[in-house]
Amino acid sequence: MGVSHECDFPPRARTKPVVIHSRVPHDAAPAEIDRLVSEYVHRGESLYAVDAEILESLAPDLIVTQDLCHVCAASPDDLATALARFDGGPKCFA
């Protein structure tokens, strides 16, 4: 089982491999966060990066994500390239 960079509950979630990372540094100041988010959105880029190698090594058969807000969390689009590496691929539910 893999998790996103924000998964911290239950506590054992922190022991799982992180497959989705924010491209915005966790220690960035509010003004820097605003600038980076604006730049990424303006360029049509995601705020998140999927570690395709870790995801592939986990060989999931199911991935659960969201498709409500592409600024708040990774979306199915963020997984598309990584999922292309799979033969038959896992099922992805948003």
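Q: What does R23 lie over?
A: R23 lies over the face of Y40, at 4.1 Å from the ring centre. A charge counts as over a ring if NZ of Lys or CZ of Arg is within 6 Å of the ring centre and within 35 degrees of the ring normal. This is a predicted model, where local features need pLDDT of at least 70, side-chain atom pairs count only at pLDDT 80 or more, and totals for chains, interfaces and linings use all residues. Residues are numbered from 1 along each chain as its sequence is written, and side-chain values use heavy atoms, with hydrogens and water left out.

Q: New topic: which residues does a cis peptide bond join?
A: That bond joins F9 and P10, with omega about -5°. Most peptide bonds are trans.

Q: And where is P10?
A: P10 sits in the loop between β1 (3–4) and β2 (18–22). Strands here are DSSP runs of E, at least two residues, and helices are runs of H or I, at least four, numbered from the N terminus.

Q: What about the phi of A59?
A: A59 isn't a glycine, yet its phi is positive, about 45°. Most residues other than glycine have a negative phi.

Q: Is A59 buried or exposed?
A: A59 counts as exposed, at 53% relative accessibility. Buried means under 20% relative accessible area, exposed over 50%, and partly exposed in between (1.4 Å probe, protein chains only).

Q: Which residues is L58 in contact with?
A: Leaving aside neighbours within four places in sequence, L58 is in contact (heavy atoms within 4.5 Å) with M1, G2, P17 and V19. L58 lies in helix α2 and is partly exposed, at 27%.
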